[in-house]
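Hi,

Here is the structure I promised to pass on.

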Amino acid sequence: MAVQTVAGNATTAPVDLGPAAALSCRECGERFELGPLFACASCFGPLEVAYDLPTGSPEELRKRIEAGPDNIWRYAPLLPVPSGVAEKPNINPGFTKLVKADNLARELGVTGGLYVKDDSGNPTHSFKDRVVAIAVEAARAFGFTTLSCSSTGNLAGAVGAAAARAGLRSCVFIPHDLEQGKVVMAAVYGGELVGIEGNYDDVNRFCSELIGDPLGEGWGFVNVNLRPYYGEGSKTLAYEICEQLGWRLPDQIVIPIASGSQLTKIDKGLQELIKLGLVEDKPYKIFGAQAEGCSPVSAAFKAGHDVVRPQKPNTIAKSLAIGNPADGPYVLDIARRTGGAVEDVTDEQVVDAIKLLARTEGIFGETAGGVTLGVTKKLIEAGVIDPTLTTVVVNTGDGLKTLDAVSATSQATATIKPSLDAFRAAGLGTA
Ligand SMILES: *Cc1c(COP(=O)(O)O)cnc(C)c1O
């Protein structure tokens, strides 16, 4: 198979992406000029953004961040975005709530502080707005006129919205059988939406072919040829969690895994904060969460393997249904290096966890949120997550997009005539 390293008709002029200095290969370290590249020309390893990070005192940088806007652009000095980014038309995601979940903590027996980072509060109701906002700036810098992606659902909506706001054309690709909420969210912003008869891995393969074809010329695929930039958006979750904890690292973080990009970049973000002196250098543990019906990384973790064997997904957690996760091996490294773990839960446990979060904290998460909280509960019960330490659970999406998961068991308690007699007969009043 030919590996595509350069794609689209990128401009060759030097680009302004702020502190981003180059792309570097995660495997062999070779450096490349900033451009729409995603695989190393020497070893085909994944490329990531390398920075000239700020050199001032931590105190100065902290003040500068705190004086910034209430969205991800407050961290612009640590992101591959041009100066003045906050003034450009973008969907400006981020700075979502970090909810201290005391009711949930009591229920789970957590005494060290339990928090939910609730990313359902983003503009299109998932964490994908963070990654897309960064990819839009890269697309602009490289002169792309069409924004595209292969998506498990949420990404398509985030790309549609961000392209609309940025004045770019969008054409996004999803598996044809997604939840109605995801399909409508992806279509409503007016771009083109294409359902592919196949699963996400088929969609992704199709997009890789399109990138190499004249049909896809001038197209920025946020999670393919713009992937190194896209991935950096997830670092903002790490920055926000620490800032919202009062510039402290949590002891334990539980993160859902689809391709694994988010998990690896949250780790990168935490490492940067330590390096910059913005938080104290102390150990933290990262835990990855999957659904049993799509658990290639969890299976590899439990078997002690370094390679991830692809699976054919079959789970209600469709936003996480990537059977061949690109960053799987790096997730395994991080879970092992930090002393964390990767675990999975059944669809039934996913539904129970969605309802647990809703019932205890008034947060309605999507199936991915159910996966993450379900795994958290399982690992607490197994004694793997320490209940006496500060723990953050990341809820990455909104339950309104995955209503089918709970609709059968979340219905009206009673339907009655508008009379007190009928209400009394239903046994719901106080008297
Ligand atoms: C995409 C997605 C994830 C995980 O994404 P990665 O590919 O692992 O970065 C998690 N939750 C939701 C709701 C998503 O849409």
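**Around the ligand**

A polar side-chain atom of Lys-128 sits 2.8 Å from an oxygen atom of the ligand. Before going on, please keep in mind that this is a predicted model, where local features need pLDDT of at least 70, side-chain atom pairs count only at pLDDT 80 or more, and totals for chains, interfaces and linings use all residues. Residues are numbered from 1 along each chain as its sequence is written, and side-chain values use heavy atoms, with hydrogens and water left out.

Back to the ligand: 15 residues surround it, and the closest are Lys-128, Ser-259, Gly-260, Gln-262 and Thr-396 (a residue is near if one of its heavy atoms lies within 4 Å). Gln-262 has a polar backbone atom 2.8 Å from an oxygen atom of the ligand. As for Thr-396, an N or O atom in its side chain is 2.6 Å from a nitrogen atom of the ligand.

**Helix pairs**

Lys-128 turns up again in helix α3 (residues 128–142), which packs against helix α4 (residues 154–166) at about 45°, with the axes 9 Å apart. That makes α3 oblique to α4 (under 35 degrees is roughly parallel, over 145 roughly antiparallel, 65 to 115 roughly perpendicular and the rest oblique). Helices here are DSSP runs of H or I with at least four residues, numbered from the N terminus; axes are lines fitted to C-alpha atoms over the stretch in contact, and angles run from 0 to 180 degrees between N-to-C directions.

Which residues of α3 meet α4? They are Lys-128, Asp-129, Val-132, Val-136 and Arg-140, and their partners in α4 include Leu-155, Ala-158 and Ala-162 (contact means heavy atoms within 4.5 Å). The residues of this contact of α3 with α4 divide into seven nonpolar, one polar and three charged.

Next come helix α12 (residues 347–361) and helix α13 (residues 367–381), with an angle of about 95° and axes 7 Å apart. α12 and α13 are therefore roughly perpendicular to each other. Among the residues in contact are Val-350 and Ile-354 of α12, and Gly-370 and Leu-373 of α13. By class, the contact of α12 with α13 has seven nonpolar, three polar and one charged residues.

Finally, the axes of helix α9 (residues 261–275) and helix α11 (residues 328–338) come within 9 Å and cross at roughly 45°. That makes α9 oblique to α11. Leu-263, Thr-264, Asp-267 and Gln-271 in α9 meet residues of α11 including Tyr-330 and Arg-337.

Cheers

Methods. Helix = DSSP H or I, 4+ residues; strand = E, 2+ residues; numbered from the N terminus. Nonpolar A, V, L, I, M, F, W, Y, C, P; charged D, E, K, R; others polar. Polar contact = N/O pair within 3.5 Å; in protein donor to acceptor, adjacent residues only side chain to side chain.
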